Amino acid sequence: MKQSVILLSINDLIQKLRSDNSWKLSVAQRAFVWDSIRVVNLVDSMLRTIPMPSIVLGKTRERPDDPWQLVDGHQRVSTIDRFLNDEHHQHFDYQGFSGYHNLPLWARRQHDTYTSNVEWVIATD
């Protein structure tokens, strides 16, 4: 197995996933199931700079042209995307603030610079 790990800001990760058509949700990932408490707790943890587990993207060496699959982190990535996107049909508010864009400047900066490991794994035989 070949693996590379990079540190990306959450902002950079979401931008990459939104703009890059070379990834998809792994069939092993479940549908979005987090309740509102978990969703708010993730944003709260990010603003408090509590580390989160790595986001894992994978593919096989036999099919290098296939899209990267989101192997681990679907709930977290989806939550962050919903929070950042005011027009998402499952957008949510945080602590009385109507979305990311209405957070105080310090909180937006904290969120924008929060980093997480992103693991890119290529499985081999």
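The exercises below, each with a worked solution, concern a predicted model.

**Exercise 1.** Determine how helix α1 is oriented relative to helix α3, and which residues form the contact.

Solution. 
- Two packed helices are described by the angle between their axes and the distance between the axes.
- Helix α1 spans residues 10–19 and helix α3 spans residues 74–84; their packing angle is about 90°, and their axes are 11 Å apart.
- Angles of 65 to 115 degrees count as roughly perpendicular.
- α1 and α3 are therefore roughly perpendicular to each other.
- On the α1 side, the contact is made by Ile-10, Asn-11, Leu-13, Ile-14, Leu-17 and Arg-18, which meet Val-77, Ile-80, Asp-81 and Leu-84 of α3.
- Sorted by class, the contact of α1 with α3 holds seven nonpolar residues, one polar and two charged.

**Exercise 2.** Repeat the analysis for helices α2 and α3.

Solution. 
- The packing angle of α2 and α3 is about 85°, with 10 Å between their axes.
- This angle makes α2 roughly perpendicular to α3.
- Val-39, Leu-42, Val-43 and Met-46 are the α2 residues in the contact, and they meet Arg-76, Thr-79, Ile-80, Arg-82 and Phe-83 in α3.
- By class, six nonpolar residues, one polar and two charged make up the contact of α2 with α3.
- Ile-80 takes part in the contact with α1 and also in the contact with α2.

**Exercise 3.** Is Val-56 buried or exposed, and what does Val-56 contact beyond its sequence neighbours?

Solution. 
- Val-56 belongs to strand β3, residues 55–60.
- Buried means under 20% relative accessible area.
- The relative accessibility of Val-56 is 16%, so Val-56 counts as buried.
- With neighbours within four places in sequence left aside, the contacts of Val-56 are Gln-69, Leu-70, Val-71, Asp-72, Glu-119 and Val-121.
- Gly-73 is 17 residues from Val-56 in sequence, and their C-alpha atoms are 6.6 Å apart.

**Exercise 4.** Characterise the second largest pocket by volume, lining and residue class.

Solution. 
- The volume of the second largest pocket is about 150 Å³.
- Its lining consists of Lys-24, Ser-26, Gly-58, Lys-59, Thr-60, Arg-63, Asp-66, Pro-67, Gln-69 and Val-71.
- Two or more lining residues come from each of β3 and β4 (68–72).
- β3 supplies the largest share, three residues.
- By class, the lining has two nonpolar, four polar and four charged residues.
- Gln-69 and Val-71, both in this lining, are also among the contacts of Val-56.

Definitions and conventions. Residues are numbered from 1 along each chain as its sequence is written. This is a predicted model: local features need pLDDT of at least 70, side-chain atom pairs count only at pLDDT 80 or more; totals for chains, interfaces and linings use all residues. Side-chain values use heavy atoms; hydrogens and water are left out. Axes are lines fitted to C-alpha atoms, for helices over the stretch in contact, and angles run from 0 to 180 degrees between N-to-C directions. Helices (H or I, at least four residues) and strands (E, at least two) are DSSP runs, numbered from the N terminus. Angles under 35 degrees count as roughly parallel, over 145 as roughly antiparallel, 65 to 115 as roughly perpendicular and the rest as oblique. Contact means heavy atoms within 4.5 Å. Ala, Val, Leu, Ile, Met, Phe, Trp, Tyr, Cys and Pro count as nonpolar, Asp, Glu, Lys and Arg as charged, and the others, Gly among them, as polar. Buried means under 20% relative accessible area, exposed over 50%, partly exposed in between (1.4 Å probe, protein chains only). On a 1 Å grid over the protein atoms alone, a cavity is a set of points where a 1.4 Å probe fits but cannot get out, and a pocket is an open set with protein on both sides within 12 Å along at least five of seven lines; lining residues have an atom within 4 Å of a point. Grid points are joined across faces, edges and corners, and a volume is the space filled by probe spheres set on the points.
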